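Visitor: I have some questions about this one. Can you walk me through it?
Guide: Go ahead.

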Amino acid sequence: MSRKSTIPSIQLGDYIVIQRQKYTKLQKFGSLDASATLGKEHLELKSLLDQPYGSTFKMCVKESKAGKRGAQRQHTLELVSENELRSIRDVLNISSSGADNRDIRDNGEAQALKSEDIEQLREACNESSKIIEKLVENSKTFHTRTEYSQDKYLLKKEKKYFEFVQIRQPTIRLMADIFHRQDAEKIMGIRVDTLSQIISYSGVSGFGSYLLYESGTNGLLPAAMLNSIGADTDATLVHMHPGNVPQKQALLALKLPLEQQQRCISVNLYSVLREFYQGDKVDATIPTAAEDDATQTDNNMTTEEQTDEVEPTTKKLKLDQSPNCKQFVYAKLPLRWQLENKRASALMHQKFDNLVVAAKEHPSNIVQALLPLVKPSRPIVIFSTCKELLQETYMELKASGKVTNLHVTSNWLRTYQILPNRTHPEVNMNGNSGYLLTGYTLS
Amino acid sequence: MSFLKPKTHIEQGDVVILYLSVNSMHAIEAVPTIVNKKGETIVNIFQTPYGSLKVQNIIGVEYGSRVELSKGYAHVLQPNPELWTQTLPHRTQIIYTPDISMILHQLEVRPGAVVVESGTGSGSLSHYFLRALKPTGRLHTFDFHEARAEQAREEFQRHGLGDFVTVYHRDVCNLGFTSELDGVADAVFLDLPAPDLAVPHAFKALKLSGGRFCSFSPCIEQSQRCINVLTQLGFNEICSMEVLQQESIIKTRTMPVIDLEFLKAPKDAAAEPNSNEDTKTKEPKEIKKYLTSSHPQLLPGHTGFLTFATLPPNIPKA
């Protein structure tokens with residue numbers, strides 16, 4: 001959602017969302033030579049530069065190579081105006097249809113065109129409507145199908161041959177959808193309804209200081225929280241993670257203003273807690289600190305490349321699992337991660353206005369460690385894919401008396417097909433929303 | 001003022017959530033005196049099942065503290081939209097957190113957003129919109145009921161949210177969202193008996209650069225009509241869904257485990273010399289402890305259908 005009325009334009013270095021009908025994909029537009037792959041189609045992205053977001057482009061076949069599983073096609077993209085996109089039914093001017101399917105037999109003879117013919121057709125015509133027109137012409141049964149069945153047929157064919165893509169600016173909504181569809185495990189299975197509720201129950205907004213621990217959501221959770229914190233506000237987010245490098249793809253894709261990005265302080269859980277409890281002592285006793293410094297310096301240098309990757313990654317190199325690597329002698333200048341630890345530690349001393357935990361580990365110890373950093377009367381939200389882990393945490397928190405109004409919840413999310421005379425819930429639904437444990441801290 | 005930002009201590013005039021138990025919460029105003037029905041100023045005493053609370057005593061107390069009642073205790077919490085939704089005075093039916101969260105997510109509301117809402121109702125959703133869009137955005141909220149609009153306006157002011165909201169008393173189905181709001185909104189939300197009548201007005205209110213739309217309706221026919229109009233006007237990404245939240249009740253249960261093995265042996269086998277000891281050791285029945293979770297008997301089975309749509313950029317509105 002752009003706050004200015006002018007629409008931002010596509011720039012080099014941006015993450016973009018490529019949409020072809022209902023399929024969406026997050027892609028980095030890193031250079032003019034960059035290309036994107038949608039199934040068998042390869043798209044050259046060059047012509048997107050400086051075009052406004054939301055524009056539609058036509059895929060024009062540049063060359064076609066025979067591959068193992070059908071032709072691989074290389075396309076250039078051409079800007080088109082919206083009114084070139086019309087309903088396929090109107091374009092084809094279809095009038096007659098049958099009443100029911102009593103005369104339709106599935107004998108494989110309905111389509112007179114062979115698959116080779118269709119492949120040729122595909123290279124000859126640039127427009128899906130022409131291909132579909134030919135398919136309809138050569139279908140013996142099309143006109144005896146019911147109007148609804150025709151619609152379904154046309155939609156199916158259109159999906160296959162559709163030659164337009166739309167380029168959109170990444171938002172939390174679009175990314176949550178893409179990540180969950182591509183590989184839900186990489187965002188710990190956090191479904192859209194659950195994500196939306198984490199944001200609500202945690203109360204994250206333009207005022208306050210917030211605390212998040214997450215062990216790998218491709219940056220989706222910190223990005224969603226930072227998005228709710230907003231530009232030009234005072235709120236801050238301390239983002240704790242278990243690895244050497246935070247996953248930041250979603251954060252980078254949002255292209256937030258620098259001042260807003262800087263209000264998300266990403267720190268390693270172990271090293272920031274050490275800084276918080278031992279502070280200056282850590283600096284004085286270099287040998288003990290060196291064990292995690294060594295791995296951290298290495299990894300901070302490669303941050304840029306790693307976060308530039310487009311496919312969701314779950315990079316996780318745990319520090320304290322390799323305790324015997326303390327030979328590294330480092331320069332005395334404070335490194336970026338050390339400064340971030342100091343900033344985070346200062347905020348930890350002032351305490352936070354919420355706590356959000358989405359852990360692959362058992363949440364219990366993490367919550368125990370972080371709960372004292374939260375002010376009283378503040379929301380806590382703990383996410384887990386397994387109810388059992390939250391049951392235990394629930395009991396521990398209840399027994400501690402430090403948290404009240406405890407609830408464990410999950411959701412049903414049903415989407416509906418709403419069409420004249422064809423309204424029903426979608427045939428498939430996702431049955432795994434994950435679980436949330438919510439409550440309020442007490443003094 | 002207790003809704004504006006996180007705060008640590010109760011000040012006079014704050015709305016405070018008096019938390020007694022999961023099923024018993026009250027929103028009270030932290031004022032030492034109130035005016036009774038006879039027009040007399042009296043000391044503000046709040047009655048609960050656990051006894052009374054002299055409200056004056058909570059002023060200056062830290063949020064999250066325990067406060068003593070005459071026959072028990074309670075906790076005082078700072079209100080937020082979630083707690084407010086559970087305690088607010090109902091003037092209409094309201095939408096609850098699971099649906100609201102989805103609405104905020106799908107409408108992409110964040111600080112700086114301009115949101116148009118109709119109807120205001122009891123202001124449950126409005127509080128969420130305001131939390132999400134303040135301090136740089138603005139909410140325009142409409143209700144055709146004059147008293148409700150007035151009450152909502154007062155309430156937002158009292159809650160410290162007045163600077164971010166304009167409340168209108170207006171019938172938007174017939175009159176639209178006023179011409180001043182043409183092309184200013186990032187998102188429009190409708191909760192109306194006939195949303196289809198207001199969709200053309202929503203279309204006008206959305207920015208030329210596009211925006212998001214949502215309609216909440218309990219009945220599918222309303223959604224159908226609404227989608228019809230949306231399609232005609234060039235909205236895309238039209239999608240309808242429902243979100244239902246289930247609570248899990250967590251309990252430790254102790255289960256007796258019964259032994260049926262002894263039935264396999266004839267009874268007189270128990271008359272062996274050492275049988276007395278045997279029966280004695282078996283007597284304390286085996287008991288196992290389990291941490292269990294179950295769903296409550298009664299769950300919300302339907303709230304409403306949420307219909308979302310996108311207005312793509314540069315659709316001429318003339």
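Visitor: Start with B:L125. Which residues is it in contact with, leaving aside neighbours within four places in sequence?
Guide: This is a predicted model. In it, B:L125 is in contact with B:I95, B:I100 and B:E117, once neighbours within four places in sequence are left aside.

Visitor: Where does B:L125 lie?
Guide: In helix α3 of chain B.

Visitor: And is B:L125 buried or exposed?
Guide: Buried. There are 27 other C-beta atoms within 10 Å of B:L125, and 20 or more is the cut-off for buried.

Visitor: Which UniProt feature includes B:L125?
Guide: An unreviewed UniProt entry places a "binding site" at B:S122, B:G123, B:S124, B:L125, B:D143 and B:D191.

Visitor: How far apart are the C-alpha atoms of those residues?
Guide: They span 70 residues in sequence, but no two of their C-alpha atoms are more than 13.4 Å apart, so the residues gather at one spot.

Visitor: Where is B:G123 found?
Guide: In the loop between β9 (114-118) and α3 (124-133) of chain B. B:G123 is buried, with 31 other C-beta atoms within 10 Å. Outside the four places on either side in sequence, B:G123 is in contact with B:A152 and B:E155.

Visitor: Changing topic. How many residues does each chain bring to the contact between A and B?
Guide: Chain A brings 54 residues and chain B brings 58 residues.

Visitor: Which element gives the most on the chain A side?
Guide: β13(A), with 12 residues. The side of chain A that touches chain B divides into 18 nonpolar, 27 polar and nine charged residues.

Visitor: What does β13(A) pair with in chain B?
Guide: With strand β14 (residues 236-257) of chain B, in the antiparallel sense, over nine bridges. As for individual partners, A:R414 has B:E242 as its bridge partner in β14(B).

Visitor: Now the cores. How many residues are in the largest nonpolar one?
Guide: The largest nonpolar core has 99 residues. Those with the most contacts inside it are A:M175, A:L212, A:L220, A:M225, A:L237 and A:V357. Helix α7(A) provides the largest share of this core, seven residues.

Visitor: What does A:L220 touch?
Guide: Not counting residues up to four places away in sequence, A:L220 touches A:M175, A:A176, A:F179, A:I187 and A:A250.

Visitor: What other core lies apart from that one?
Guide: Another core, of 55 residues, lies apart from the largest one, and B:F189, B:A198, B:F203 and B:F213 are among its residues.

Notes:
Residues numbered from 1 in each chain as written. Chains lettered and ligands numbered in written order. Predicted model: local features only at pLDDT ≥ 70, side-chain atom pairs only at ≥ 80, totals over all residues. Contact = placed C-beta atoms within 7 Å. Helix = DSSP H or I, 4+ residues; strand = E, 2+ residues; numbered from the N terminus. Nonpolar A, V, L, I, M, F, W, Y, C, P; charged D, E, K, R; others polar. Pairing = 2+ DSSP bridges. Core = buried A, V, L, I, M, F, W, Y, C linked by C-beta atoms within 7 Å. Buried ≥ 20, exposed ≤ 12 C-beta atoms within 10 Å, placed from the backbone. UniProt positions renumbered as here; feature names shortened; annotations may be inferred.
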